Every structure is written in structure tokens, then in C-alpha cells.
Amino acid sequence: MSESAKRVRSKINGVHHPVVDFWRREVGGISSRNFSNRFSASENLVLRLEIYKKLEKHKGCVNTVSFNAEGDVLISGSDDWRVILWDWQLGNVKLSFHSGHANNVFQAKFMPFSDDRTIVTCAADGMVRRANILEGGKVKTSFLGLHQGRAHKLCIEPGNPHVFYTCGEDGLVQRFDLRTEAPTELLTCQSVDPKRRNMEAIQLNTIAIDPRNSNLFVVGGMNEYARLYDIRRIQRGGLNGSTHPADHFCPPHLVGNEDVGITGLAFSEQSELLVSYNDEFIYLFAPDMGLGSNPIPASSKSSVSKSESASSPKDENEQSVPMVYKGHKNSETVKGVTFFGPRSEYVVSGSDCGRIFTWRKKTGELIRVMEGDRDVVNCIEPHPHIPVLASSGIESDIKVWTSKAAERAILPENIELVSNTPRGWMYRVSTRRELLAQLFAMQSRRSRSSPEREGEPSRGRARLNLIRTFNYESSDENATDDGDGNSHEDFFS
């Protein structure tokens, strides 16, 4: 029998059948690695995902979840300013410590090849910090750098135990090397329109590194473009180089749209770029779908005649249209987006309606919707080796999902009609500290963009009245688990 015939016989209705694949693995017809990849990518497993554990210890919204390289430890950060390491399989806390931040922790990750003892974090206070886990479970945290405004995301150079990048609402991208004393300020993100480049920097929400080429990273924020940079071309400290992006990515219909921004970015194992927009959809770009290093601004495009635009080869190229994923709602918070499966077979995102949405990457078809939070799901993190997901949102717990359901799930009806009413940022404020942080951040942003005019009610006075009427009776936000702010249960066992 030919090899192609064997491949056909291992499929039923065009899909790899797990029983046939299992038999083929046992008789040597398929390698263990290929069997594992096919098994982990099975849509049957996706449709059987359900909650395996709820991890409950945080006292505020959980803003970040991430697995270590082995996949046996989950790390989380929260509005309670704490970082927790979990044995997610048992549902136990391995270590809990105060991050050293003075506001909500937005990102916490293990540095690779550090034996899970080096953790880097960023937060709403703009600080970037390192936590070193010492013998006996003691934790030493230290200051690494600062953004002027909230620092939402960081990304680690693949396989490098020393280097990572951060971005913040000040538009700044910084490169940190743990072997040096200070970070390198790589660039400040500016508008592509030459007339606006000297104006306020573009606030950045997210950053990601291409896993196949660690020289390339992409940033996104309060602008329609995802900007791809090549670290080899970036100017450092006045040396020869360029801070212009190597490429820009944006769906054609959003070019020039000032009402959208990017909240999440992710690279697939094939270097495809996933971009999640607020008040819009999620788009998948192939590496060759970029608009170039200097895309034509919207003001210039408007001057191009319709006949010239219609004859553009770029418009005629069907491959320039990205795949789109619809059904979720992304308006209230800064949501991430990710791939799921050993070869990035699925796209997964949270939603304002409190659910988790899963699409087939190749077709854009929505195949699964799961109830993940009473309010909003912000974070989805896939396990590095097996079909397991971790999710978090406005609730103070973390949900771990495994394929243990007895029946395959079906899509609910009227998916897009079931959504929460927008509530604004105030519904998430539960403590005096959170209120003050939100108000002062809002004041700073608005004062830069539009100063108060005569005759208008004073925004500052209105905020002061709001503070005075706020209920100051709140629970202890920084209750520690023991005297030094750390708690640990068999972390080194």
C-alpha cells in the first residue's frame, strides 16, 4: 500500500481519527511526536473542555496567568498586588508573595532556564520589577525600570534567561537585560502621519516576539496599526540605526480609523500575527500581508483618485485580506488573544460577556463558547505541552480547563445577542487605592489631550467629590499570609 493511501486510511471525514492514530502509533506507523500533536489538536478535545479546578487565593481581579516551561506551575498576578505560584493540578498554592508594586499587577512571567526562581513583572504603577526566589521560599524583589503610565505587557526573548521587553502607555518600548543595571530605551511609538509625529506618543497595550525569529517584535496600542520592529535596525542611544517599524499590519477597512485600538497580539508557530481590536474583531495576518515600513496615512489616501485606488495591485491581491474571527465583544478592558494547539490550530479570546470563544484558525469558524467569568474574561493561557487552558478575568479566581467532559459541547443559540451592558471602569473599583489610581491616571491622560475650558465644570472638583462620597470601608487589601509577606507550601518539595 502506498504512503498516501495509508494517510487516507487514517482519516475519517478528513479528520485524523484518534483510535486509528493510536493503533498506528503502536505498530510504528506514526511517531510518538506526531501522535501527540494530532491528539492535542483534536477538535474533539476542544469540544470537551470544562473546568477542572478553580484556583482561589487572590483578593482582586486576576490580570495575568502564565505557565512555566515544564507546565507544572502556573503563575498569576492580581489587583491585590500579589504574585502566586500554583500547583494547578492539585489546586494548591506553592508560593505567594507581595510583588513590590504599588498598583495592580498586569503581567508576571518566569524567565527561562532560571529553575523558576526568577520572575519579572509589570504593573499599573508603571514599574518593572524582578522577584528572586531564594532558599527556604523567601522572595527578594527589586526595581528594574519605569514607564510613565501603566505598563500592561512584557514579553521574554525565547530561550534567553536574561532579556525581555516591556511597553507602556507612555508609548515607550524598553529592553531589559538582567545582567546590566539599567534598561535600554529602544523607541517611542509615534503616529505614521508625518503631521502628527511630534504630538503625543501612542499609548501601547501589548507586545509580542516572533518565536521563530527573536529579532522581530510587534507592538500595538491606541492606534489601528500593529507595528513590527527588527531589533537589529533600531537606534540605540544615538548610534546609527532606525526606529522606524520594519512593517505595519492593519485590515484595509480600519486604516485611518481613529476609534479603534489594539488590545492583544500573538504570534503563531508559523510566524502568523494575531491582532485583537477593541470594539472590532480579531484578525490573522500572514507575514507577507504587511503594509510596509511607511504605510500611506489616511490623509494621503483620501487624495488618491478612485480609479488609481481601484487599479492598485495590493487591492487585487486576495492574499492581502486577513482572516477574521467574530462573535466576541471587546470593549471594556485590555484583553489578550492567543493560539491553542501544538501547531496553533485554534484562536482563543475572552469577551465582555464573560465567555471564552474558540475558532478554527484556518476557516475562522466559531466552534466553542464557554462560560468563564460572571463579568469579563481578560486572560487565556494555553499549556505549553498538553490541551489545557487557564483563564482569568474580573472574578478573583483562576479557572483551569481540561478535556474531561463526557459529552461534546454544542454552540449556544443567539451568541452575539447575549452580552453584558457596558458598565465603564467604575464597576471594577473596589478599594480606595484603586479609585485614586484610576482617577489620577484619567486626569493625567485628559490633561495632556484636552485642557479644561472656561465655563466647563472642573473635572478635578468632580473627581474630588467622587472621592469624598466613596465608601472607604474596604477589606484589608494587603493582608499577608505571614510576617514577611510570603507564604509557601512545599515549594521546594
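Colleague: In what order do the strands of the open sheet that contains β3 and β28 stand, and is the pairing parallel or antiparallel?

Modeller: Strands of a sheet pair through backbone hydrogen bonds, and they may do so in the parallel or the antiparallel sense. In this predicted model, 4 strands form an open sheet in the order β3-β30-β29-β28, and their pairing is antiparallel. The edges are taken by β3 (49-56) and β28 (377-382), each of which has a single partner strand, so one side of each is left without a neighbour in the sheet. On average, neighbouring strands of this sheet are turned by 25° against each other, direction ignored.

Colleague: How many bridges join β29 to β30, and which residue is the bridge partner of A390?

Modeller: Strand β29 (residues 389-393) and strand β30 (residues 397-403) run antiparallel and are joined by 4 bridges; the bridge partner of A390 is V400, in β30.

Colleague: Which strands form the open sheet that begins with β24, and which of them are at its edges?

Modeller: That open sheet has 4 strands in the order β24-β25-β26-β27, with antiparallel pairing. Its edge strands are β24 (337-340) and β27 (366-371), and each pairs on one side only, while the twist from one strand to the next averages 25°. Within this sheet, β25 (residues 346-349) and β26 (residues 355-360) pair in the antiparallel sense over 4 bridges, and Y346 stands opposite R360 in β26.

Colleague: Is R82 buried or exposed, and what does its side chain contact?

Modeller: A residue is called buried when its relative accessible area is under 20%, and R82 is therefore buried, because its value is 5%. R82 lies in strand β6 (residues 82-87), and its side chain makes a polar contact with the side chain of S96 at 3.2 Å.

Methods:
Residues numbered from 1 in each chain as written. Predicted model: local features only at pLDDT ≥ 70, side-chain atom pairs only at ≥ 80, totals over all residues. Heavy atoms only, no water. Helix = DSSP H or I, 4+ residues; strand = E, 2+ residues; numbered from the N terminus. Buried < 20%, exposed > 50% of the residue type's maximum accessible area, 1.4 Å probe, protein only. Polar contact = N/O pair within 3.5 Å; in protein donor to acceptor, adjacent residues only side chain to side chain. Pairing = 2+ DSSP bridges. Axes fitted to C-alpha atoms, helices over the stretch in contact; angles between N-to-C directions.
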